[in-house]
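The following exercises are to be worked with the sequence and the model in view. Each task is followed by a solution in steps.

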Amino acid sequence: QVQLVESGGGLVQAGGSLRLTCAASGSILSVRAMAWYRQDPGKQRELVASIMRGGRTNYADSVKGRFTVSRDNDENTVYLEMKGVKPEDTAVYYCNANIIERLSSDYTDYWGQGTQVTVSS
């Protein structure tokens, strides 16, 4: 059984900073890609940033230069450093990880429960 647990969401003023953390636990053999998505009510879930095991990153155009994704492979943890936040960054942020469990032969996508980020203007 694999679990992703997010933390670090909350209320922040526009221009401020916030750091999200997502830790994967359970019977994990290896974690390939890790990513952050976000979703506003009534909108589709969108990719914010992703990071491969080797460190290659990808960002949505709307967050480039403001958000930084990083990971700790030993701890199976991914971070999202959010700086210069804007009201339009308000959403529920979800952690995603591509994981292969021990005694398994395939990678599977897992999701966290989501953490609310609210940016006040």
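**Exercise 1.** Does R38 count as buried or exposed, at its relative accessibility?

*Solution.* Begin with the basis of the values. The model is predicted, local features need pLDDT of at least 70, side-chain atom pairs count only at pLDDT 80 or more, and totals for chains, interfaces and linings use all residues. Residues are numbered from 1 along each chain as its sequence is written, and side-chain values use heavy atoms, with hydrogens and water left out.

Next, apply the cut-offs: buried means under 20% relative accessible area, exposed over 50%, and partly exposed in between (1.4 Å probe, protein chains only). R38 has a relative accessibility of 7% and therefore counts as buried.

**Exercise 2.** Identify the salt-bridge partners of R38 and describe the network around them.

*Solution.* A salt bridge requires a side-chain nitrogen of Lys or Arg within 4 Å of a carboxyl oxygen of Asp or Glu.

Step 1. R38 meets E46 in a salt bridge, at 2.7 Å from N to O. E46 is partly exposed, its relative accessible area being 36%.

Step 2. R38 also forms a salt bridge with D89, at 3.0 Å from N to O. This pair joins distant parts of the chain, since D89 lies in the loop between β8 and β9 and R38 in strand β4, 51 residues apart. Strands (E, at least two residues) and helices (H or I, at least four) are DSSP runs, numbered from the N terminus. Both D89 and R38 are buried.

Step 3. A network of salt bridges links R38, E46, R66 and D89. The structure holds five salt bridges.

**Exercise 3.** Which residues have the most contacts inside the largest nonpolar core?

*Solution.* A nonpolar core is a set of buried Ala, Val, Leu, Ile, Met, Phe, Trp, Tyr and Cys residues joined through side-chain atoms within 4.5 Å. The largest one has 31 residues, and W36, L80, M82, Y93 and I99 have the most contacts inside it. Strand β9 provides the largest share, five residues.
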